[in-house]
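Student: I am new to this structure and would like to go through it step by step. Could we start from the picture?

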Amino acid sequence: MRSPQQEHAEFSFNDHGFHLQAAVTRADFESWIQPDLAAIEQAIAEVMTSSGVDDASVDRIFLTGGSSLVPAVRRIFERRFGPDRVRTGNEFTSVASGLALRARASQRALIA
């Protein structure tokens, strides 16, 4: 696994005889995902406004999923809520676990 502080990564893709290898800098990657980062910031603003909750009222932010490992994504939440309130964990399994629990609850509701 790459260090979150690393400023570049080697990208390698092999599929059916096609091979691509390239160095990707963090700056390039973040410029490619800039529209997505802006959409995340907008979604947070909309949720906060529509819920009537102000930023100071949020005790903790829990980030999960693979994108929570992207430093630019984490910075969005740290800027808005403060780094001391942002937590992560089980980045690659928590979404699947949550979906499995939801499916189990739905199945039980159908049986009942």
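Student: Where does N90 lie?
Tutor: This is a predicted model. In it, N90 lies in the loop between β4 and α4, the latter being residues 94-111.

Student: And what value does the phi of N90 take?
Tutor: The phi of N90 is near 45 degrees, which is a positive value in a residue other than glycine.

Student: Is N90 buried or exposed?
Tutor: N90 counts as exposed, because its relative accessibility is 55% and exposed stands for values over 50%.

Student: Let us move to the strands. How do β1 and β2 pair?
Tutor: Strand β1, residues 8-15, and strand β2, residues 18-25, pair in the antiparallel sense over 8 bridges.

Student: Which residue stands opposite F11?
Tutor: F11 stands opposite A22 in β2. Another such pair is A9 with V24, again in β2.

Student: How many residues are between the strands of that hairpin?
Tutor: The hairpin of β1 and β2 has 2 residues between the strands, and H16 takes a positive phi there, near 45 degrees. H16 is a residue other than glycine.

Student: Where is H16 found, then, and is H16 buried or exposed?
Tutor: H16 is found in the loop between β1 and β2. With a relative accessibility of 81%, H16 counts as exposed.

Student: Now the helices. Which residues of α3 are buried?
Tutor: Helix α3 covers residues 71-81, and its buried residues are P71, A72, V73, I76, F77 and F81.

Student: What follows α3?
Tutor: G82 follows α3, and its phi is positive, near 95 degrees.

Student: Back to α2 and α3. At what angle do their axes cross?
Tutor: The axes of α2 and α3 cross at roughly 35 degrees and come within 10 Å. The crossing is right-handed.

Student: Which residues meet there?
Tutor: From α2 the residues are L37, I40, E41, I44, A45 and M48, and they meet A72, V73, I76, F77, R79, R80 and F81 of α3. The residues of this contact divide into 10 nonpolar, no polar and 3 charged.

Student: Which residues touch the most other members of the largest nonpolar core?
Tutor: That core has 14 residues, and L37, I44, I61, F77 and F81 touch the most other members. The elements giving two or more residues to the core are α2, β3 and α3. Helix α3 provides the largest share, 5 residues.

Student: How far apart are D59 and V70?
Tutor: Their C-alpha atoms are separated by 22 Å, and D59 and V70 are 11 residues apart along the chain.

Conventions: Residues are numbered from 1 along each chain as its sequence is written. This is a predicted model: local features need pLDDT of at least 70, side-chain atom pairs count only at pLDDT 80 or more; totals for chains, interfaces and linings use all residues. Side-chain values use heavy atoms; hydrogens and water are left out. Buried means under 20% relative accessible area, exposed over 50%, partly exposed in between (1.4 Å probe, protein chains only). Helices (H or I, at least four residues) and strands (E, at least two) are DSSP runs, numbered from the N terminus. A nonpolar core is a set of buried Ala, Val, Leu, Ile, Met, Phe, Trp, Tyr and Cys residues joined through side-chain atoms within 4.5 Å. Axes are lines fitted to C-alpha atoms, for helices over the stretch in contact, and angles run from 0 to 180 degrees between N-to-C directions. A crossing is left-handed if the near helix is turned anticlockwise from the far one by less than a right angle, and right-handed if clockwise. Contact means heavy atoms within 4.5 Å. Ala, Val, Leu, Ile, Met, Phe, Trp, Tyr, Cys and Pro count as nonpolar, Asp, Glu, Lys and Arg as charged, and the others, Gly among them, as polar. Two strands pair if DSSP finds at least two bridges between them.
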